[in-house]
Amino acid sequence: IQDLLPVEAGWKIIDGLHQLRGNNKAIQVEYSLPTLSGRNWYESRLIPTQNKQVIVFIRDITKYKQSEEKIKIQLEQLDALRAIDLSITSGADLSQTLSVILNHVRKYLNIDAASVLLLNPHNQRLEFAAGAGFRTSAMQHTHLDIGEGLAGHAVKKRKIVHVPNLKNRKTGLLRSPEFSKENFVTYYAIPLIAKDQVLGVLEIFHRFALSTDQDWMNF
């Protein structure tokens, strides 16, 4: 079996054959194998016969596994949103609420760092309010006018600003020596809007290229 199948699959089936010796009932084993597009999942069903031979049925269950993983992620995201809602309605101070939000954002979007800039209603400037995942204090001194910088542009246009490679983009962020030490590559600025009023911006940073889908964007 090990000579015919990749090591990962071979050992799984061998383990299944050992289990057959004990109970003589059909055994089902699952395993994944690397492919050019990622990994595929397979299910092998081992069925013993009366003459001590074993019939093996193998089927591709990749789509099932992907659906299962997608449902798991969606449930985890719902839990995250529930935790954020509870934090907002609990009456906790703003910094604590923003900390909860950013921690969930980093975990469930699988990104390196995130920050929130809030719009000061008195001077109409975006000011740093909270951050998570940063190696330096570069972001803590942020003060932007509406329309200034990537975050200010997101507020002015009321649209998400996405930069897939910051190092190929002329931006004031890169002029900061401290920010350059962060080595960020991917950037998103998401305007925070409630009742048609812009309250601030959620900024997302990642130190590598990000592969995202619509579910990621929706969350």
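Ser 87 is found in helix H2. Helices here are DSSP runs of H or I with at least four residues, strands are runs of E with at least two, and both are numbered from the N terminus. Ser 87 is buried, because its relative accessible area is 11%. Buried means under 20% relative accessible area, exposed means over 50%, and partly exposed lies in between (1.4 Å probe, protein chains only). Setting aside residues up to four places away in sequence, Ser 87 touches Ala 92, Gln 96, Thr 97 and Val 100. Contact means heavy atoms within 4.5 Å.

This is a predicted model, in which local features need pLDDT of at least 70, side-chain atom pairs count only at pLDDT 80 or more, and totals for chains, interfaces and linings use all residues. Residues are numbered from 1 along each chain as its sequence is written, and side-chain values use heavy atoms, with hydrogens and water left out.

Stay with H2, which covers residues 62–89. Leu 81 is in this helix. Leu 81 counts as partly exposed, because its relative accessibility is 38%. Together with Ile 71, Leu 75 and Leu 78, Leu 81 forms a nonpolar patch on the surface. The accessible area of these four residues together is about 370 Å². Such areas come from the Shrake-Rupley method with a 1.4 Å probe, and for residues only the protein chains shown count as cover. Patches are made of residues with over 30% relative accessible area and no salt bridge; like charges are joined within 9 Å, nonpolar side chains (Val, Leu, Ile, Met, Phe, Trp, Tyr) within 5 Å.

Side chains of opposite charge can pair when their charged atoms come close. A salt bridge is a side-chain nitrogen of Lys or Arg within 4 Å of a carboxyl oxygen of Asp or Glu. The whole structure has eight salt bridges. One of them joins Lys 65 and Glu 30, at 2.9 Å from N to O. Lys 65 lies in H2 and Glu 30 in strand S1 (residues 27–35), so this pair ties together parts that are 35 residues apart in sequence. Lys 65 counts as buried, at 17% relative accessibility. Glu 30 is partly exposed, at 26% relative accessible area.

Asp 215 forms a salt bridge with Lys 70, and their closest N and O atoms are 3.4 Å apart. Asp 215 lies in helix H6 (residues 214–218) and Lys 70 in H2, so the parts tied together here are 145 residues apart in sequence. Asp 215 is partly exposed at 28%, and Lys 70 is partly exposed at 42%.

Arg 82 and Asp 79 have their closest N and O atoms 2.7 Å apart. Both lie in H2, three residues apart, about one turn of the helix. Arg 82 is partly exposed at 47%, as is Asp 79 at 43%. Salt bridges that share partners also join Glu 30, Lys 65 and Glu 68 into one network.

Now turn to the strands. Seven of the eight residues of S4 are buried, so S4 is largely enclosed by the rest of the structure. Six bridges join S4 to S9, and the two run antiparallel. S4 also pairs with strand S5 (residues 125–132) in the antiparallel sense, over seven bridges. Two strands pair if DSSP finds at least two bridges between them. Leu 117 stands opposite Val 201 in S9 and opposite Phe 128 in S5. The hairpin of S4 and S5 has four residues between the strands, and Gln 124 takes a positive phi near 55° there.

Leu 119 counts as buried, at 16% relative accessibility. Beyond residues up to four places away in sequence, Leu 119 touches Gln 124, Arg 125, Leu 126, Ile 146, Val 198, Leu 199 and Gly 200.

What does the interior hold? The largest nonpolar core has 21 residues. A nonpolar core is a set of buried Ala, Val, Leu, Ile, Met, Phe, Trp, Tyr and Cys residues joined through side-chain atoms within 4.5 Å. Strand S4 (113–120), helix H4 (149–157), strand S7 (161–163), strand S8 (186–194) and strand S9 (197–206) each supply at least two of its residues. H4 gives the largest share, four residues. Apart from this core lies another, of 13 residues, among them Leu 102, Val 105, Leu 202 and Trp 216.
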